[in-house]
Amino acid sequence: MNTSALAQTGRFRARRAARGSVTEGAARAGLAARGVIYLLVGALALQIAFGDTKEQADRGGALAAISQKPFGAVLLWALGIGLVGMALWRLSEVFFGSVGQDGRSARKRLMAAVRCAFYAFVAYSVLSFAASRDQSGGGSSDQQSRDATARALEIPGGQWLVGAAGIAIVAAGGWIGVRAVLRKYHDKLRLGQMGPRTRRLVDITGVAGGAARGLVFAVAGVFAVRAAIDYEPDQAKGLDDTLRTFADTPLGPWLLVCVAAGLVLFGVFSFAMARWRRV
């Protein structure tokens, strides 16, 4: 191999290594940012269960809680930048594939594209909040859900569209919960770097946290389907109202306590993913 070819090979490897380092850093920052949001949402839900707060148990409520802390503005910007990193990581998976044997499949790339769009929206909302310091957090998730449902119901075939979206959310919640219970996340973790005790703790947070997250998604989807059937946008619920409905069951606030604790555990699990996930 001549000197020119060796130089080209060296430059290619250097670019690939640099891209890998940037992608890994973005992914870990994004997972940590996700963990902060779930920790705060879970903590707010716990306060609601015990009647200690009127704050919204959703992203807006979490951002408002951060803004009231010392160096809150700095934390908000850091959180938003971390979520931008999450979106960029998912975008890289669209173009270059993800880890795993089928990481370059069309299905995986499509899922990465959906996740990229979702986290880009979340990052935008967080950065907008950081820039404006609007204490409403850009509006509650409940009002946003009702407004979006109302607009969708007004278009031709809107009932079918909202119903299909609700069913998709229910299915996504079930998929999230089942994968968590089956510990499918093991395929993405560097388990060899964990001790037995650490692995047990990660499994507790991953299973309980993933199951709680899946349940919340599924219940929110059920409300969307109900809104479509009744042709009533107010039946749709965001994260805050969905969590509050758990307190209205015969089990009282204790079901909400369990779900809220699960969301806190998912926040901790996100930190574990930030530390040990293969990127």
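These legends describe close-up views of a predicted model. Local features need pLDDT of at least 70, side-chain atom pairs count only at pLDDT 80 or more, and totals for chains, interfaces and linings use all residues. Residues are numbered from 1 along each chain as its sequence is written, and side-chain values use heavy atoms, without hydrogens or water.

**View 1. The largest nonpolar core has 47 residues.** Such a core is a set of buried Ala, Val, Leu, Ile, Met, Phe, Trp, Tyr and Cys residues joined through side-chain atoms within 4.5 Å. Buried means under 20% relative accessible area, exposed over 50%, partly exposed in between (1.4 Å probe, protein chains only). Elements giving two or more residues include α1 (3–49), α3 (72–96) and α7 (196–230). Helix α9 gives the most, with 11 residues. Helices are DSSP runs (H or I, at least four residues), numbered from the N terminus.

**View 2. Leu-243 is among the core residues with the most contacts inside it.** Beyond four places in sequence, Leu-243 touches Val-41, Ala-45, Ala-57, Val-216, Leu-256, Val-259 and Leu-263. Contact means heavy atoms within 4.5 Å.

**View 3. Val-99 sits in the loop between α3 and α4.** Val-99 is partly exposed, at 24% relative accessible area. Leaving aside neighbours within four places in sequence, Val-99 contacts Arg-277, Arg-278 and Val-279. The C-alpha atoms of Val-99 and Asp-187 are separated by 9.1 Å, with the two residues 88 apart along the chain.

**View 4. Thr-149 lies in helix α5 (residues 141–154).** Thr-149 is buried, with a relative accessible area of 10%. A polar atom of the Thr-149 side chain lies 2.7 Å from the backbone oxygen of Ser-145. Not counting residues up to four places away in sequence, Thr-149 touches Val-162, Ala-227, Pro-233 and Ala-236.

Methods. Polar contact = N/O pair within 3.5 Å; in protein donor to acceptor, adjacent residues only side chain to side chain.
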